[in-house]
Amino acid sequence: MSREFCVNYETMRKLVVEDLGMKSHKRKNIHHLNDSIRRKRLERCIQLKVRFAPGTEDKVYFSDEKLFTVEEASNRQNDRILASRSQDILDSIKCIDRVQKPLSLMVWAGVLADSRTNVIFVP
């Protein structure tokens, strides 16, 4: 905006923020909802309310699974090594090995209102 009006960036920022009391906001991605989608959602909500009416909480079953990979996590921007020269750093520290399909382990469990399943490990 400062380029459009040929004004210094800081001057424009102060004018917008301090004088006008405005601030910058990011645009959000949201679901596109047309009338048919809204009707479908309403029908499904009504079905869920009937299905899980008061007194049926003990019949609701929750389960979840999580895949864990056995590989060192790294973030090149945040994981830094301090050294005066690059040659002083050992290769075992400087390099992180990657494979195409790392070893992984899946964990699964389920919960009811009054009980739970055993935790199951799937290699």
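In the predicted model, Asp-64 has Ala-109 of strand 2 as its bridge partner. Strand 2 spans residues 104-111 and is joined to strand 1 by 8 bridges, the two strands running antiparallel. Strands of a sheet pair through backbone hydrogen bonds, in either a parallel or an antiparallel arrangement.

The sheet is open and consists of 3 strands in the order 1-2-3, with antiparallel pairing. Its edges are formed by strand 1 (62-69) and strand 3 (120-122); each has a single partner strand, so one side of each is left without a neighbour in the sheet. From one strand to the next, the twist averages 20°.

The largest pocket has a volume of about 320 Å³. Its lining comprises Glu-72, Ser-74, Asn-75, Arg-76, Asp-79, Arg-80, Ile-81, Ile-93, Lys-94, Cys-95, Ile-96 and Arg-98.

Met-1, Ser-2, Tyr-9, Met-12, Arg-13, Val-16, Val-17, Met-22, Lys-23 and Ser-24 line the second largest pocket. The lining of this pocket divides into 6 nonpolar, 2 polar and 2 charged residues.

Notes: Residues are numbered from 1 along each chain as its sequence is written. This is a predicted model: local features need pLDDT of at least 70, side-chain atom pairs count only at pLDDT 80 or more; totals for chains, interfaces and linings use all residues. Side-chain values use heavy atoms; hydrogens and water are left out. On a 1 Å grid over the protein atoms alone, a cavity is a set of points where a 1.4 Å probe fits but cannot get out, and a pocket is an open set with protein on both sides within 12 Å along at least five of seven lines; lining residues have an atom within 4 Å of a point. Grid points are joined across faces, edges and corners, and a volume is the space filled by probe spheres set on the points. Ala, Val, Leu, Ile, Met, Phe, Trp, Tyr, Cys and Pro count as nonpolar, Asp, Glu, Lys and Arg as charged, and the others, Gly among them, as polar. Two strands pair if DSSP finds at least two bridges between them. Helices (H or I, at least four residues) and strands (E, at least two) are DSSP runs, numbered from the N terminus. Axes are lines fitted to C-alpha atoms, for helices over the stretch in contact, and angles run from 0 to 180 degrees between N-to-C directions.
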